[in-house]
Amino acid sequence: FYAKKDLKDFIKIARRFGMMPVDTPSIRYMLRQKIEMKDPRYNLAFLFPRTKQFHKNRAIGSVVFHRSTCLVLDTDENLRTQVDFPSMEGKHWFFPQPSAVGALYLFGNLLPRLMRDGEAWIHQRTVKPSGKVGIFLAHIKPCGMNACRFRYQEVTDKFPAITGLPPELF
């Protein structure tokens with residue numbers, strides 16, 4: 001999924017957003033706490049849903065980002081409406097994540113699935129400009145040599161137990 005140089009670029013970008021290094025005692029401790037406390041945001045059954053299709057009668061948005069720089073290359077109107085961002089082009093994929101530890105945990109479990117299957121379905125949490133956290137069902141698939149397409153559908157209303165949790169600090 002990532003060439004060696006692209007993975008190095010990705011790690012540089014992640015460090016800039018405070019998401020690396022991933023293998024430090026403090027990161028492992030915070031992640032272990034979330035898992036041991038059975039935080040539903042870290043439940044793999046939530047993060048990687050069994051149902052691999054979008055819900056009928058709900059809008060599906062799309063975003064394309066560069067795989068190594070994580071810069072958003074293109075979005076469609078449906079996505080901009082769902083996440084309530086007028087423009088995401090040129091921003092990093094990491095910017096709307098509610099938790100650096102959560103994003104690392106998701107990515108660490110997502111990458112092997114993408115490498116094995118060539119695509120993946122996830123639930124991704126995103127912070128909207130209003131400060132509210134939205135939950136999106138996403139289908140991720142590489143498109144071309146250096147890009148990845150995420151197709152999103154908002155499903156926040158299906159997870160009141162998760163959206164009702166207090167914000168994460170890290």
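Is Q153 buried or exposed? In this predicted model, Q153 has a relative accessibility of 0% and therefore counts as buried, where buried denotes under 20% relative accessible area, exposed over 50%, and partly exposed in between (1.4 Å probe, protein chains only). Residues are numbered from 1 along each chain as its sequence is written, and side-chain values use heavy atoms, with hydrogens and water left out. Because the model is predicted, local features need pLDDT of at least 70 and side-chain atom pairs count only at pLDDT 80 or more, whereas totals for chains, interfaces and linings use all residues.

The secondary structure comprises six helices and five strands, arranged along the sequence in the pattern α-α-α-β-β-α-α-β-β-β-α. These elements are DSSP runs numbered from the N terminus (helices: H or I, at least four residues; strands: E, at least two). Of the 170 residues in the protein, 45% are buried. Contact is defined as heavy atoms within 4.5 Å; among contacts between residues at least 6 apart in sequence, 58% join residues at least 24 apart.

Q153 is located in strand β5. A polar atom of the Q153 side chain lies 3.1 Å from the backbone oxygen of R58. With neighbours within four places in sequence left aside, the contacts of Q153 include F54, H55, R58, A59 and I60, together with Q82, I135, F136 and L137.

The largest nonpolar core contains 30 residues, of which L110, I122, I140, F150 and Y152 touch the most other members. Two or more residues of this core come from each of α3 (44–47), β1 (61–66), α4 (77–83), α5 (100–117), β3 (120–127), β4 (133–142) and β5 (147–154). Such a core is a set of buried Ala, Val, Leu, Ile, Met, Phe, Trp, Tyr and Cys residues joined through side-chain atoms within 4.5 Å. In soluble globular proteins, nonpolar side chains tend to be buried together. Beyond its neighbours within four places in sequence, L110 is in contact with F48, A120, I122 and I140.

P49 occupies the loop between α3 and β1 and, at 7% relative accessibility, is buried. P49 and W121 are 72 residues apart in sequence, yet their C-alpha atoms are 6.7 Å apart in space. Not counting residues up to four places away in sequence, P49 touches W121, I122, H123 and L137.

The largest pocket has a volume of about 180 Å³. Elements contributing two or more residues to its lining are β3 and α6 (160–163). Twelve residues line the pocket, and R41, V133, L165, P166 and P167 lie nearest its centre. The lining divides into seven nonpolar, two polar and three charged residues. Here Ala, Val, Leu, Ile, Met, Phe, Trp, Tyr, Cys and Pro count as nonpolar, Asp, Glu, Lys and Arg as charged, and the others, Gly among them, as polar. On a 1 Å grid over the protein atoms alone, a pocket is an open set of points where a 1.4 Å probe fits, with protein on both sides within 12 Å along at least five of seven lines; lining residues have an atom within 4 Å of a point. Grid points are joined across faces, edges and corners, and the volume is the space filled by probe spheres set on the points.

R41 lies in the loop between α2 (25–36) and α3 and is buried, with a relative accessible area of 9%. The R41 side chain makes a polar contact with the side chain of D39 (2.9 Å). This term denotes a pair of N or O atoms within 3.5 Å; within protein, one must be able to donate a hydrogen and the other to accept it, and residues adjacent in sequence count only if both atoms are side-chain atoms. A polar atom of the R41 side chain also lies 2.8 Å from the backbone oxygen of P166.
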